[in-house]
Amino acid sequence: MSTDSNDDAVFKALANGLRRQMLDALKAAPQTTGMLCEQFPQLDRCTVMQHLKVLEDANLILVHREGRERWNHLNALPIQAIHDRWISQYAGHAMSVLTALHRGLESPPK
């Protein structure tokens, strides 16, 4: 898959608030699918698994199976790649604009 396709999958996965909440839940430690289902009682197991599939397809979670349990691990590398490619570059530009504006406001009028 190309980098653009990877980015699209990550953005699609992160566009949903429930999936972001699932990633937040996995920050502290890996969890089984059953544990995630308990944290999202408003969703049935099938819906939780559909969201996990989108996260897995975007490589945002890594899955390890132990017997009947499916352990979901956060993989933050795709988020870091999005940050490096998109956010950091635009944040640097925004800071330079804000710095120029600040300097302009501090300098005495001519």
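This note goes through the predicted model point by point, from the chain as a whole to single residues.

1. Basis of the note. The model is predicted, so that local features need pLDDT of at least 70 and side-chain atom pairs count only at pLDDT 80 or more, while totals for chains, interfaces and linings use all residues. Residues are numbered from 1 along each chain as its sequence is written, and side-chain values use heavy atoms, with hydrogens and water left out.

2. Elements and overall form. The chain has five helices and three strands, where helices (H or I, at least four residues) and strands (E, at least two) are DSSP runs numbered from the N terminus. Read from the N terminus on, these elements follow the order α-α-β-α-α-β-β-α. The radius of gyration of the chain is 20 Å, well over the 13 Å that the globule rule gives for 110 residues, so the chain is more spread out than a compact globule; the radius is taken over C-alpha atoms, and the rule is 2.2 Å times the number of residues to the power 0.38. Along its principal axes the C-alpha trace spans about 75 × 30 × 20 Å.

3. Among the contacts (heavy atoms within 4.5 Å) with a separation of 6 or more, residues 24 or more positions apart account for 49%. The accessible surface of the chain comes to about 7,600 Å², and 58% of that surface belongs to carbon and sulfur atoms; the areas come from the Shrake-Rupley method with a 1.4 Å probe, and for residues only the protein chains shown count as cover.

4. Charges. The chain carries 12 positive and 12 negative side chains, with the centres of the two sets 3 Å apart. Lys and Arg count as positive and Asp and Glu as negative, whereas His and the chain ends are not counted; each charge is placed at NZ of Lys, CZ of Arg, CG of Asp or CD of Glu.

5. Asn72. This residue sits in strand β3 (residues 69–74) and counts as buried because its relative accessibility is 0%. Its side chain makes a polar contact of 3.1 Å with the side chain of Arg70, and another polar contact, of 3.3 Å, joins the side chains of Asn72 and Thr33. A polar contact is here a pair of N or O atoms within 3.5 Å; within protein, one must be able to donate a hydrogen and the other to accept it, and residues adjacent in sequence count only if both atoms are side-chain atoms. Leaving aside neighbours within four places in sequence, the contacts of Asn72 include Leu26, Pro30, Leu36, Leu52, Ile61 and Val63.

6. Thr33 lies in helix α3 (residues 33–39) and, at 3% relative accessibility, counts as buried. Beyond four places in sequence, Thr33 is in contact with Arg45, Val48, Met49, Leu52, Arg70 and Asn72. Cys37 also lies in helix α3 and is buried at 14% relative accessibility; with neighbours within four places again left aside, Cys37 is in contact with Arg45 and Val48. The C-alpha atoms of Cys37 and Asn75, which are 38 residues apart along the chain, are separated by 20 Å.

7. Ala13. Located in helix α1 (residues 3–14), Ala13 is buried, with a relative accessible area of 0%. Ala13 and Leu55 are 42 residues apart in sequence and 5.8 Å apart in space, C-alpha to C-alpha. Not counting residues up to four places away in sequence, Ala13 touches Arg19, Val54, Leu55, Ala58 and Leu60.

8. His64. This residue belongs to strand β2 and is partly exposed, with a relative accessible area of 39%. Leaving aside its neighbours within four places in sequence, His64 is in contact with Glu69, Arg70, Trp71 and His73. His64 and Ala29, 35 residues apart in sequence, are 13 Å apart in space, C-alpha to C-alpha.

How values were computed: Buried < 20%, exposed > 50% of the residue type's maximum accessible area, 1.4 Å probe, protein only.
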